[in-house]
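Reader: I am new to this structure. Please show it to me, and then I will ask about it.

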Protein chains: 2
Amino acid sequence: MNIEPAELLISGRWLLPTAYQRDAIANGALAVRGDRIVAIGQAADLARQFPQARRLHEEHGLIMPGLINTHTHAPMACFRGLADDLPLMTWLQEHIFPAEACLTPEIVYHSTLLSLAEMIKSGTTSFCDMYLFAKEVARATNESGMRAWLGEVLYDFPSPNYGELENGFAYMQDLFSQYQEHPLITITVGPHAVYTCSPALLQRLGKVAEERNCPFVIHLSENEAEVAICRQRYGLTPVEHLDSLGLLNQRTLAAHCVILSEQEITTLATRQVKVSHCSESNMKLASGEPPAVKLLEAGITLGLGTDGSASNNDVDMFGEMNTVAMLHKVINMDATAMSAEATLQAATLGGAACLGAEVDIGSLAVGKKADLIVLDLNQPHLTPMYNIPSHLVYAARGADVIHSIINGRLVMRHRTLLTLNENAILEKMREIGQTIMSTRNH
Amino acid sequence: MNIEPAELLISGRWLLPTAYQRDAIANGALAVRGDRIVAIGQAADLARQFPQARRLHEEHGLIMPGLINTHTHAPMACFRGLADDLPLMTWLQEHIFPAEACLTPEIVYHSTLLSLAEMIKSGTTSFCDMYLFAKEVARATNESGMRAWLGEVLYDFPSPNYGELENGFAYMQDLFSQYQEHPLITITVGPHAVYTCSPALLQRLGKVAEERNCPFVIHLSENEAEVAICRQRYGLTPVEHLDSLGLLNQRTLAAHCVILSEQEITTLATRQVKVSHCSESNMKLASGEPPAVKLLEAGITLGLGTDGSASNNDVDMFGEMNTVAMLHKVINMDATAMSAEATLQAATLGGAACLGAEVDIGSLAVGKKADLIVLDLNQPHLTPMYNIPSHLVYAARGADVIHSIINGRLVMRHRTLLTLNENAILEKMREIGQTIMSTRNH
């Protein structure tokens, strides 16, 4: 029976391998060997099947797939709360762009570590990032043991990182070379948006994504201002513009997609574009209400993202799920819209599919990567328990996650990070915060 | 200098006595004697002034007023997650009312204990409750040491608690007698709503509220269905109907107030009605978007409420604040709407004013009651710190609260409840959850 020894056997009160209550296993367990899941079933059965395995048992634990954040800017943690209650363009042009001009590789590295700590501590096991100084993002991510898709943001104007655009291409190619064989980090192509990138730049980056067969990640149709600029310049909406350039395809991961006509939704569906919705960020910046229900009805692959901590102001996917499920009910005036299961699906397998990784992550199944989290259900706000997806979306919080395993490796145990030095990160970030404040005050 | 000895001196990295960043005190402290705050200032100064005081110091602590939940149904914790993703009337009539028919005093008592545990652990120090078996709600609340305004819900049809309506009045009078002198519990009058209470019942209860000079708490204009029923019966909207009965006055605390015309907003303002908005519940049940910004512009006293755990699905006021600040930005398409400070104000001093208790609670000031919480800022999602209200509304969670003091009494220390036996409550609630499930399956 026991052909290969399992290295780790994780068991708890419940195991929810997918987003669906019908799949829940009471007193479930999961065996991991190396980076893969090798068995799923009743704890008692697996304990007999893998007697040598190291055990991780939580009496009141819920084992579930790690959450997937499909759009964030991890280093922006250093700007959390620096400028709030402002419209997107004012926020971006008068606060964020000037603050970003003062960024250094060191700030980006430490801020990324902070976001990684926050993500792991709130149940995220994979994220898709686009930002400046992406080599620093990758360096920090590599240390954390998290799974990531990440890339350097490119745009027409000089970057605080690479300076002139041509250097940006060299920087990106370096990243591709450096992480070609990395088990956890995949490099992506990251044009900022249609209003900051010329058609030539977009097409050149589209070609790179095609050659590398990697995600082409772009902010798209985030608000009315973007649509107006695009119409003015090209006589087309952002979606139409990208389509006219041949850049809507199965590699395109479009973040936001707030302002969309019915026709554009059909276009996105036809071109097999993946969409990352960032509802909290869109709400906070008053960008608009992303049409999640319509996208799902059109059969579009939908993931959820927090966006950066400067516009959310956290990277907690449990908070994001809560908001998503509630927002789409009220904007559609339909309490059956965006059910707990649909929301959890978007935050797990939907996110995996956005990154072309649904074969490996997004649910717990034999043969898939061991990316999973354990929540402590022995808490007032999670008691009693009638329906697991309901609790995960409407009541649970990031702080309920006690263990995290990524690629078979325990990265958090009893809320203690095992790959990162949390206190050192917090201490360093307080210093960086003071530096950023003093820069702004001069 | 030191006229009277302080009993407890609480100090931390920051003290935020109000909802406003400008009032923040770095390295602040607060001295408590009995149930009152006797001094606020720099920790170093207060330590000299009160050398004998017992100390509670948190190096990375933020001291702030406890949150005030102005509308909840604490015992509904036992129904959390029992029925989700359903419209209000289906949810109420097909799921909640039948489940409530099986309630017992014991279930209500234990469910209230559970809600109390959850509220304390997420930073709430006062709440306003209306539900069945209110004596049990009061009994549990008394044990917890929480401050509460609570009452028995009355309506025309027989109640699972008191049976015929006339018994309801006797039950209510008992409550008034029993808690007349209680330092923390105030009994309120609680007609359910205009569609479940006859004009005669509403007026009779209005008279009780007048005699007792206590809040008259009612669900009002929660959704279109309520408005339609009221129009059909009386030819008036719920607000017009209550006004025609002379029941809109400074004692009226109207929960929800989602569907309101400009004229009705003016009426509520003129009559000095207080409003409790329950945005998360309204979103989840797709009842509509409460017009918080318009109410504040009209000068109406606004508090926030979670509603019960069956429609939220938690009683976490930090989560509620987060949703409120984001929702009202996007529905008004104005990122400056419902700022962090305005939101925090509604959850603190606004809530206090809803209950006529702004002299005693809702902010930290010398002479006010010592109702306060301490958060641990030494966490990834709260680092760095530029603006305290921003962090509290956009990034903090209930789980960040480590200590809670109500009426001068320490009720939670390092997240351990001191007045309640959390594990016993959880164990009991798991049993009750199984009972409720088996009742529904038969």
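Reader: Is A:E431 buried, partly exposed or exposed?

Author: This is a predicted model, so local features need pLDDT of at least 70 and side-chain atom pairs count only at pLDDT 80 or more, while totals for chains, interfaces and linings use all residues. Residues are numbered from 1 along each chain as its sequence is written, chains are lettered from A and ligands numbered from 1 in the order in which they are written, and side-chain values use heavy atoms, with hydrogens and water left out. Buried means under 20% relative accessible area, exposed means over 50%, and partly exposed lies in between (1.4 Å probe, protein chains only). With a relative accessible area of 43%, A:E431 is partly exposed.

Reader: Which side chain meets that of A:E431 in a salt bridge?

Author: A salt bridge is a side-chain nitrogen of Lys or Arg within 4 Å of a carboxyl oxygen of Asp or Glu. Here the distance from N to O is 3.6 Å. The partner of A:E431 is A:K428.

Reader: About how many helical turns separate A:E431 and A:K428?

Author: Helices (H or I, at least four residues) and strands (E, at least two) are DSSP runs, numbered from the N terminus. Both residues sit in helix α15 (residues 422–440) of chain A. They are three residues apart, so the separation is about one helical turn.

Reader: What is the relative accessibility of A:K428?

Author: A:K428 counts as partly exposed. Its value is 22%.

Reader: How many salt bridges does a search of the whole structure find?

Author: The search runs over all chains. One network of salt bridges links A:D35, A:R36, A:D360 and A:K369. Over all chains, the number found is 36.

Reader: How far apart are the closest N and O atoms of B:E166 and B:R204?

Author: These two residues form a salt bridge. The pair links distant parts of the chain, 38 residues apart: B:E166 is in helix α5 (residues 165–178) of chain B, and B:R204 is in helix α6 (residues 199–212) of chain B. B:E166 is partly exposed at 49%, and B:R204 is partly exposed at 36%. In the salt bridge between B:E166 and B:R204, the closest N and O atoms are 2.8 Å apart.

Reader: Which residue forms a salt bridge with B:E262?

Author: The closest N and O atoms of this pair are 3.1 Å apart. The pair joins distant parts of the chain, from helix α9 (residues 262–270) of chain B to helix α11 (residues 292–297) of chain B, 32 residues apart.

Reader: In which order do the four strands of the open sheet in chain B run?

Author: The pairing is parallel. Two strands pair if DSSP finds at least two bridges between them. The edge strands, β11 (216–220) and β14 (302–304) of chain B, each pair on one side only. The order is β11-β12-β13-β14.

Reader: Over how many bridges do β11(B) and β12(B) pair?

Author: The two strands run in the parallel sense. In this pairing, B:I218 stands opposite B:A254 in β12(B). The bridges between β11(B) and β12(B) number five.

Reader: Is B:T252 buried or exposed?

Author: B:T252 lies in strand β12 (residues 252–256) of chain B. Its contacts (heavy atoms within 4.5 Å), leaving aside neighbours within four places in sequence, are B:F216, B:I218, B:L247, B:V273 and B:K274. A polar atom of its side chain lies 2.8 Å from the backbone oxygen of B:L247. At 0% relative accessibility, B:T252 is buried.

Reader: Which strands stand at the edges of the open sheet in chain A?

Author: Four strands form this parallel sheet, in the order β11-β12-β13-β14. Each edge strand has a single partner strand, so one side of each is left without a neighbour in the sheet. The edge strands are β11 (216–220) and β14 (302–304) of chain A.

Reader: What rotation superposes chain A on chain B?

Author: Copies are superposed by least squares on the C-alpha atoms of residues with pLDDT of at least 70 in both. The shift along the axis is 0.0 Å, and the RMSD is 0.0 Å. The two copies are thus related as by a two-fold rotation axis. The rotation is 180°.

Note on methods
Polar contact = N/O pair within 3.5 Å; in protein donor to acceptor, adjacent residues only side chain to side chain.
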